[in-house]
Amino acid sequence: MKLTGKIALVTGGSRGIGFAIAKILSENGALVVITSKDSEKIKKAEAQITNSFGITCDIKKKSEVQNVLNKTIEKFGKLDILVNNAGIFPKIKQLHEIDEEEWNEVLDVNLTGQFRFTKEAIPHLQKTSGCIINISSDAGLKAYQGFNADAYSASKAALIVLTKCWALEYAKDKIRVNCICPGVVDTDMTKPFLKNQKDIEFMNNEHPLGRIGQPEEIGKAALYFTSDDASWVTGAILTVDGGESIK
Ligand SMILES: NC(=O)c1ccc[n+]([C@@H]2O[C@H](COP(=O)([O-])OP(=O)(O)OC[C@H]3O[C@@H](n4cnc5c(N)ncnc54)[C@H](OP(=O)(O)O)[C@@H]3O)[C@@H](O)[C@H]2O)c1
């Protein structure tokens, strides 16, 4: 039990990677607040994670983000851990085919959304010398042939540099800020690209370890960053990607 007494907030905790992170944090003693925009999915996740508390929130709405922080503090009195995980993946298109609305939508959720949560969480994390984990992506580290999701790549690359900026900015408050870059992980987000055996084989082969990842494998990395095992780790960018990004 590495997180006994800790209060964690996981955005996008209703399913996929966020769900796996929330689950492992709770299994290690944390009380976990999970958010997502779909109240039914939140309820389902809440029922499966011990000591979890769901709050519906569209990350695009400042007032709803503020409501999550207010409710968390009202109920638990403090915040120790923020996991910026919620995200969307756009339709695959080359840059000249994207319209500005599609571009802005991805940046609004994947980048400004993380800004909104972090801004509201910082005053509380300053009081607990807490920590932040940003869930970026291998797509934020380099270009991939045929990937063609530029707004997504831009949002994830920005999150990598922001991890370093925030780590430096808030080191004086002993807030640690770290980042995980997953490769392809088996979730609803990647289902459209894993429809048949040929797709699955292609995706598996993209990863030198020969397979795509499971959400729990990202959860284990998150547990490391949130625990005292990482007490001297800040500004770190950890790939958890079966080797995809080293090719
Ligand atoms: N899966 C991968 O291969 C992979 C690889 C690298 C990085 N990542 C990153 O990992 C994170 C989680 O991805 P995932 O694969 O677990 O995705 P997912 O299964 O599609 O889950 C996305 C989560 O984000 C929430 N979300 C989306 N838009 C939101 C909004 N406007 N307001 C509030 N919550 C919102 C969803 O809530 P609802 O349930 O309410 O829709 C859901 O909980 C993302 O940041 C993604 O970019 C994923």
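Colleague: How far from an oxygen atom of the ligand does a backbone N or O atom of Gly-12 lie?

Modeller: The distance from that backbone N or O atom of Gly-12 to the ligand oxygen is 3.2 Å. Before going further, please note that this is a predicted model, in which local features need pLDDT of at least 70 and side-chain atom pairs count only at pLDDT 80 or more, while totals for chains, interfaces and linings use all residues. Residues are numbered from 1 along each chain as its sequence is written, and side-chain values use heavy atoms, with hydrogens and water left out.

The ligand is surrounded by 30 residues, where being near it requires a heavy atom within 4 Å; the closest are Ser-14, Asn-85, Tyr-152, Val-185 and Thr-187. By class, this shell holds twelve nonpolar, eleven polar and seven charged residues, with Ala, Val, Leu, Ile, Met, Phe, Trp, Tyr, Cys and Pro counted as nonpolar, Asp, Glu, Lys and Arg as charged, and the others, Gly among them, as polar. On the side-chain side, an N or O atom of Asp-58 lies 3.0 Å from a nitrogen atom of the ligand, and an N or O atom in the side chain of Tyr-152 is 2.6 Å from a ligand oxygen. Of the 900 Å² of accessible area that the ligand has on its own, the protein covers 96%, as computed by the Shrake-Rupley method with a 1.4 Å probe. Helix H1 (16-27) and helix H5 (150-169) are the elements that give two or more residues to the shell, helices being DSSP runs of H or I with at least four residues and strands runs of E with at least two, numbered from the N terminus.

Ser-36 counts as buried because its relative accessibility is 10%, where buried means under 20% relative accessible area, exposed over 50% and partly exposed in between (1.4 Å probe, protein chains only). Leaving out residues up to four places away in sequence, Ser-36 touches Ser-14, Ile-42, Ile-55, Thr-56 and Cys-57, a contact being heavy atoms within 4.5 Å.

Another serine, Ser-227, belongs to the loop between helix H7 (215-226) and strand S7 (237-240). With a relative accessible area of 1%, Ser-227 is buried, and its side chain reaches the backbone oxygen of Tyr-224 at 3.0 Å. With residues up to four places away in sequence again excluded, Ser-227 touches Lys-2, Leu-3 and Arg-176.

Ser-129, in the loop between helix H4 (100-128) and strand S5 (131-135), has a positive phi of about 50° although it is not a glycine, and at 38% relative accessibility it counts as partly exposed. Lys-174, in the loop between H5 and strand S6 (176-182), likewise has a positive phi, near 60°, and is exposed with a relative accessible area of 57%. Most residues other than glycine have a negative phi.

Note on methods:
A polar contact is a pair of N or O atoms within 3.5 Å; within protein, one must be able to donate a hydrogen and the other to accept it, and residues adjacent in sequence count only if both atoms are side-chain atoms.
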